Amino acid sequence: MKILVAVKQVAALDEDFEIRADGKDVEADFLLRDLNEWDDFALEEAVRIKEASAGTPVEVVVVSVGPDDADETLRKCLAKGADRAIRVWEEAIEGSDPIAIAHVLAAVARREAPELLFAGAQSSDHAFAATGIATAALLDWAHAAVLTQLSVSPGARTARFRRELEGGLLHEMETELPAVLTIQLGINTPRYASLRAIKQAAAKPIELLSLAELSVAAEAVGEAGSLSRVRRMYLPEKGRAEMIEGSIESQAQRVLQIIRKVAGESAGGAA
Amino acid sequence: MSGMSGTSGTSGTSGTSCILIIAEHRRGELRAATLELVTAAQGIRRAGEKVAVALIGAAPQALVAAVSVAGVDEIVTVQVAAAEFEPDPVEAALHALIEARRPSVVLVPHSIDAFGYAAAIAAKKSYGFSSDVFQIERQAEALIATRGGYGQKVNIEVEFPGKSIVLLTIRGNVYKPPEGTGAPSVSSLAVAAVPSRVRSLAFIEPPPSDDVDMTAAEFILSIGRGIGEEANVPKFRELADRLGATLGCSRPIADAGWLPKSRQVGQSGKTASACKLYIAMGISGAIQHLAGMKHVSTIIAINSDAAASIFSVARYGVVADIFEMADALQERSS
């Protein structure tokens, strides 16, 4: 059995940052990169299935669409238990939205032919919650989103899972395989990689694939393959809270004042 | 049923497009986010454009009254075999609906169900697409949608050049549902049954609250990852007691089992609908947490990380060590 896990190297903003001169993104220097938290849970779920499998061997393959520095994220995944890593990149992919990325991931899935494709339910940076399910549509595979529990036996033709709905209600469902499943936080507790595993991962190869090798047309990615185009990026007007400065004592004093004031108002002035 | 009983007129009236809203329902009840979309649609409709609501389900007729609100011109029911959400029949129905009606815009709640099908529809047919949109407008003919980026720290305006159909998922609690009822026309669309590869089995209620009802709490003090370890929970429980607040938490704390799931607030946790004062300690502010607490009028965020996203929704912010702050609040509130 093979599980393909799509991972993203997300970008978080530094405390201070600048919008690019063209007004369409943040200057790359101000971005801090890391493995998307949701993808960490997705990878862990795949590795646990592998480790729990008694007879059937399970291979966990991670794939990321991104430039050179995404190798760092892929090595992290290898250190956490992925067997192989694939990275797809070329200049044409720059500026892709989640659907353009899905075109690439679908091509990788066709090549790898896994029984399961996991993706994070969303990413911590842009939170489209779209890439995994768009990939499923392009593959015409069964799909489900926001899983908080999964039980699948390697070799089985179906899997059972629960997805978490609003208000904490759980929906138990069953899917045929192959399937694309997007994973919610809390489905498991992701492991930390051991120092030994990190060392070993540093020496493992990462397969680099081009669009041509995947038979993905250049029009399917980048701006041409995207379903929306960024007009501008800007700071929200009421972007920040009123900051309470000063010593910890004076900050605490001010917080207590606010609490008393709001409590007084909601009690209709009776307090 | 021979095709669309009530829409034959529409295909004859060329040029009259519509805005199509996909109603969401669960266990026989309409989900509130659906009606918010009616208000969103009113803001972007072009002259002569109708607002249509699609009801897809095993008994769509039963929900007609619930969506007959002011601002809805027509309702299209689509009967499918699955009573509860399953991606395959919903997507087949939606593809058929969009093909039949050619709406300029399709609006869907940014909900867990939509996570499971919205992007699939758009990707399959290359419709314009964006998600978690909290503002939409038309500038001349162009549709412009605004969403957040980089953990909601920036706003991003997107456009959809060359797309005659655009599908958007709309953030909840942004648009107010319309007041008053309407008298929309009702028609139905027959859609061929498709095999359902992902099948609904059962709903499981979240475990009951331990001793609190977060939905009724007016003053909540919530803790997040910043508390570091489980052993620190009692310190904040004491502080909450001292301040007269109900202790809540963000997702990672409940996932770790440090507090019961019933204490979790935010979109996937309990809706803290009565909350007026919210103190977030050590919560950086994941998107669902922020979206789930945005309605609270006074949010005080206390976090050692000045870059935490929570400061973008909080009314007051304190950059401080949460343990020192907890001590200082304990001392001074006595």
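A:Leu170 stands opposite B:Ile204 in strand S13 of chain B. This is a predicted model, in which local features need pLDDT of at least 70, side-chain atom pairs count only at pLDDT 80 or more, and totals for chains, interfaces and linings use all residues. Residues are numbered from 1 along each chain as its sequence is written, chains are lettered from A and ligands numbered from 1 in the order in which they are written, and side-chain values use heavy atoms, with hydrogens and water left out. Helices (H or I, at least four residues) and strands (E, at least two) are DSSP runs, numbered from the N terminus.

Strand S9 (residues 170–176) of chain A and S13(B) are antiparallel and share six bridges; two strands are said to pair if DSSP finds at least two bridges between them. They belong to an open sheet of 10 strands with mixed pairing, in the order S11(A)-S5(A)-S4(A)-S1(A)-S6(A)-S10(A)-S7(A)-S8(A)-S9(A)-S13(B). Its edges are S11 (207–209) of chain A and S13 (198–204) of chain B, each of which pairs on one side only. On average, neighbouring strands of this sheet are turned by 35° against each other, direction ignored. Axes here are lines fitted to C-alpha atoms, for helices over the stretch in contact, and angles run from 0 to 180 degrees between N-to-C directions.

The two chains also meet through helices. Helix H4 (residues 131–139) of chain A packs with helix H6 (residues 118–125) of chain B at an angle of about 45°, their axes 7 Å apart. That angle makes H4(A) oblique to H6(B), because angles under 35 degrees count as roughly parallel, over 145 as roughly antiparallel, 65 to 115 as roughly perpendicular and the rest as oblique. The crossing of H4(A) and H6(B) is right-handed; a crossing is left-handed if the near helix is turned anticlockwise from the far one by less than a right angle, and right-handed if clockwise. From H4(A), A:Ile133, A:Ala134, A:Ala137 and A:Leu138 meet B:Ala119, B:Ala120, B:Ala123 and B:Lys124 of H6(B), where contact means heavy atoms within 4.5 Å. An α-helix has 3.6 residues a turn, so residues three or four places apart point the same way.

A:Thr135 also lies in H4(A). A:Thr135 counts as buried because its relative accessibility is 1%; buried means under 20% relative accessible area, exposed over 50%, and partly exposed in between (1.4 Å probe, protein chains only). Leaving aside residues up to four places away in sequence, A:Thr135 touches A:Ala102, A:Leu105, A:Ala106 and A:Leu117.

Elsewhere in chain A, helix H1 (residues 37–52) has 16 residues and reaches 23 Å from its first C-alpha to its last, close to the 22 Å expected at 1.5 Å a residue. The expected span is 1.5 Å times one less than the number of residues. Among the buried residues of H1(A) are A:Trp38, A:Phe41, A:Leu43, A:Val47 and A:Ile49. In helix H2 (residues 70–79) of chain A, the buried residues include A:Leu74, A:Cys77 and A:Leu78. The buried residues of H2(A) pack against several elements of chain A, including H1, strand S2 (9–13) and helix H5 (195–203). Just after H2(A), A:Gly81 takes a positive phi of about 125°.

Strand S2 of chain A holds A:Ala12. With a relative accessible area of 37%, A:Ala12 is partly exposed. A:Ala12 touches A:Phe30, A:Leu31 and A:Leu32, not counting residues up to four places away in sequence.

In chain B, strand S17 (residues 298–303) has six of its six residues buried, so it is largely enclosed by the rest of the structure. B:Thr298, B:Ile300 and B:Ile302 point one way from S17(B), and B:Ile299, B:Ala301 and B:Asn303 the other way. S16(B) and S17(B) run parallel, joined by five bridges, and B:Met281 has B:Ile302 as its bridge partner in S17(B).

B:Ser284 is in the loop between strand S16 (277–281) and helix H9 (287–293) of chain B. B:Ser284 is partly exposed at 43% relative accessibility. B:Ser284 and B:Asn303 are 19 residues apart in sequence and 7.2 Å apart in space, C-alpha to C-alpha.

Finally, helix H7 (residues 233–243) and helix H10 (residues 322–333) of chain B have axes that come within 10 Å and cross at roughly 35°. The crossing of H7(B) and H10(B) is left-handed.
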